Amino acid sequence: MEIVSYIFMIIGGLFYLLGGLGVLRMPDTFDRIQAGTKATTLGAFALLIGIGIANPDWLLKSFLIIIFIALANPIGSSALAKAAYKSCELPKNLVQDDLKELFGGEDNGSN
Amino acid sequence: MKYVATFLVLFTSYVLLAGFHVQELMLGALVSVILTIILAKLVNYTIDYRFPVKLLVFIFAYLPIFTWQLILSNIDVARRVLSPKIPLNPGFVKIKTDLKGDFAKLTLANSITLTPGTLSVDVKGEYLYVHTVDVKGKTPEENREFISAKFEKVLGGIFK
């Protein structure tokens with residue numbers, strides 16, 4: 001049982017490492033947010049499950065923390081992306097930009 | 001009904017954090033009642049008699065898809081991060097959703113964020129605005145096929 005929990009924790013740590021690498025290597029803000037969000041979400045899940053297996057008293061607590069992370073992490077990244085779209089320069093290599101109609105043009109002063 | 005829903009959420013969180021002891025259950029119930037009285041007017045969700053069924057469908061139909069997509073998306077991130085030249089074709093696309101209700105849209109937007117190569121940026125009315133690493137379609141309908149169709153089917157059955 002202990003070995004299984006350590007395997008989960010190592011997987012979680014590896015995903016955190018990948019997330020950090022992604023934030024370093026991706027070329028623009030939005031891709032960095034993507035890499036960071038996904039890798040840290042699954043990394044946190046795996047770590048918490050590993051901790052829950054190692055110490056069964058904490059299993060329910062770690063599931064509760066997983067629920068909170070699953071709700072909060074994507075919302076945070078959406079807020080970051082929206083703020084970045086409003087305030088930063090957009091990357092040059094965009095293929096398509098439907099968000100322009102929402103905010104970004106000069107005609108839209110309400111945002 | 002709103003009061004019952006708020007109380008259940010608060011009490012469940014308390015018990016999961018504190019553990020199943022008689023003292024903890026009593027104190028948790030007391031604290032939850034007080035917080036319910038204070039908080040209920042800020043809450044805009046409710047539950048009805050179909051809630052347990054919906055919860056079961058959510059756990060057994062939606063969570064496996066979600067978990068699988070989350071693992072796929074992490075493999076996708078790993079592939080992109082570790083390849084020497086990062087393959088990118090990014091863009092912001094707009095997709096239409098049939099889901100009504102705030103919580104349904106929140107769940108859909110969160111699911112989209114955690115699936116491979118997509119990040120939901122904003123929700124306006126019945127449109128979701130999504131940043132994707134690899135733009136595949138041109139119109140909202142085509143993009144919907146690639147991004148959200150697999151979730152909409154399941155979530156549509158849960159949130160009506």
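The C-alpha centres of domain 1 and domain 2 of chain B are 33 Å apart. This is a predicted model. Domain 1 of chain B covers residues 2-42, and domain 2 of chain B covers 51-158.

Chain B holds an open sheet of 3 strands in the order 1-3-2, with antiparallel pairing. Strand 1 (91-96) and strand 2 (118-124) of chain B are at the edges; each has a single partner strand, so one side of each has no neighbour in the sheet. On average, neighbouring strands of this sheet are turned by 25° against each other, direction ignored. The antiparallel pairing of strand 2 with strand 3 (residues 127-132) of chain B runs over 6 bridges. Within strand 3 of chain B, the residue standing opposite B:V123 is B:L128. The other chain also takes part here: helix 3 (residues 59-87) of chain A packs on the sheet and touches strand 2 and strand 3 of chain B. The direction of this chain A helix makes about 75° with that of strand 2 of chain B.

The largest nonpolar core has 20 residues, of which B:V121 and B:V130 touch the most other members. Two or more residues come from each of several elements: helix 2 (29-54) and helix 3 of chain A, and, in chain B, strand 1, helix 4 (102-113), strand 2, strand 3 and helix 6 (149-158). Leaving aside residues up to four places away in sequence, B:V130 touches B:V93, B:I95, B:I112, B:T118, B:L119, B:S120, B:V121 and B:I147.

The contact between the chains takes 37 residues from chain A and 31 residues from chain B. On the chain B side, the elements giving two or more residues are helix 1 (2-18), helix 3 (51-82), strand 1, helix 4, strand 2 and strand 3. Helix 3 of chain B gives the most to that side, with 7 residues.

Methods: Residues numbered from 1 in each chain as written. Chains lettered and ligands numbered in written order. Predicted model: local features only at pLDDT ≥ 70, side-chain atom pairs only at ≥ 80, totals over all residues. Pairing = 2+ DSSP bridges. Helix = DSSP H or I, 4+ residues; strand = E, 2+ residues; numbered from the N terminus. Axes fitted to C-alpha atoms, helices over the stretch in contact; angles between N-to-C directions. Contact = placed C-beta atoms within 7 Å. Core = buried A, V, L, I, M, F, W, Y, C linked by C-beta atoms within 7 Å. Buried ≥ 20, exposed ≤ 12 C-beta atoms within 10 Å, placed from the backbone. Domains from an automatic or database assignment.
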